[in-house]
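I opened my notebook to look up two things here.

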Amino acid sequence: MQAVRAALDTATVESLLAAAVAAPSIHNTQPWRFRVDPDGRLVEVHAAPGRSLPLADPVHRAQYLSVGAALFNLRLAAVRSGWRPEVRLLPERGRPGPLATVRLTDSLTADERHSDPGLYGAIARRHTSRLPFTGRPVPDPVLAEMVTAAQAAGARLHVPDIAGTRRLLRLTAMAEARNQARPDRAAETRAWLNAPEARTPYGIPVTALGPPDAAGRMPMRDFTGDLPGLRLPALWFERHVQLALLWTGNDRRDDWLRAGQALQYVLLTATARGLRTSLLHQAMEWPDLRAAMALPGHKRCHPHLLLRLGYGPDGGRTPRAPGRQVTGRTTPPGTGDARI
Ligand SMILES: Cc1cc2nc3c(=O)[nH]c(=O)nc-3n(C[C@H](O)[C@H](O)[C@H](O)COP(=O)(O)O)c2cc1C
């Protein structure tokens, strides 16, 4: 006799999707869509084709990283609701289909449900902070915890020494300079910047931006492009920058999804330990600079993202499209109703 499959109630399904969409995504494009089986026990995670960056992310690697981060949140929320999530990446290999499926197989014991060390609680508290940090050093055990988290999710996190930090900052600064010098790239970025009163749930509100570094050492991304009036006055950033480089040994689509899950595991671990985080992706947007970001001496190091970690002020909030099942049309970039 076949076991009767209990269905998930609407509130549980909504809580899973709400957790998923709280993930970070490049330029807050939220490039995901979800399809949920009628009984709620199978969630398909798809890419939202219109919400991509053809110039900065032509192969959709950053899109996959973002979807991977959402997938990680979905897994945490499933466990929180008492379900065991069974994840398959690219289940329809070679054919267009979901980037991942999450099957909620059976109920967890109470111990299993409460085994996560504050990660679920950190989902809502995590924000990108583009403001200067205090410079207070990040304790080694916390860095070690983040390295372990990345590895558990199938990726690697490298914590550079002073020379390595300088190298990674220099390459990122070169990428940022190229982005600014290319009007098409700058326009693509600015298309995702919104006025504070904007009603679109996609893109970054100007209130979440940070200042440029008065010392010119921290290559924060300039989202304002040809609207320098929106640029905040420069401030001094922390002198001792704590960076971490996320990378994988292969560079296939499933590696990108793993790296995205690892990214979110690392960011939530950092948030649970009271850290602020921001992301520097610019060098990954130029193949020669991405290759140069790889760890010297490593034959197979495919960098994905540079993280900046520290203590300091919280980042401004960014909106989200509601975490309900998205089945229809997606919003292409630049069509929001109040973009700048
Ligand atoms: C793959 C990826 C690349 C990103 N690159 C940058 C970046 O270069 N500069 C930046 O300021 N933020 C970057 N972000 C952060 C996003 O802008 C941010 O996650 C998004 O606006 C949502 O805001 P939140 O993180 O505060 O929730 C990146 C995020 C992801 C997932």
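**Entry 1: around the ligand**

I looked up which element gives the most to the shell around the ligand, and H2 does, with 4 residues. I note that helices (H or I, at least four residues) and strands (E, at least two) are DSSP runs, numbered from the N terminus. The model is predicted: local features need pLDDT of at least 70, side-chain atom pairs count only at pLDDT 80 or more, and totals for chains, interfaces and linings use all residues. Residues are numbered from 1 along each chain as its sequence is written.

Helix H2 (61-80) and strand S9 (276-280) each supply at least two residues of the shell. Of the 22 residues around the ligand, I found Pro-24, Asn-28, Thr-128, His-281 and Thr-318 nearest. Near means a C-beta atom, placed from the backbone, within 6 Å.

I sorted the shell by class: 9 nonpolar, 11 polar and 2 charged residues. Ala, Val, Leu, Ile, Met, Phe, Trp, Tyr, Cys and Pro count as nonpolar, Asp, Glu, Lys and Arg as charged, and the others, Gly among them, as polar.

**Entry 2: two helices**

I turned to helix H5 (residues 140-152) and helix H8 (residues 253-272). Their axes come within 8 Å and cross at roughly 155°. Axes are lines fitted to C-alpha atoms, for helices over the stretch in contact, and angles run from 0 to 180 degrees between N-to-C directions. H5 and H8 are therefore roughly antiparallel (over 145 degrees; under 35 is roughly parallel, 65 to 115 roughly perpendicular, the rest oblique).
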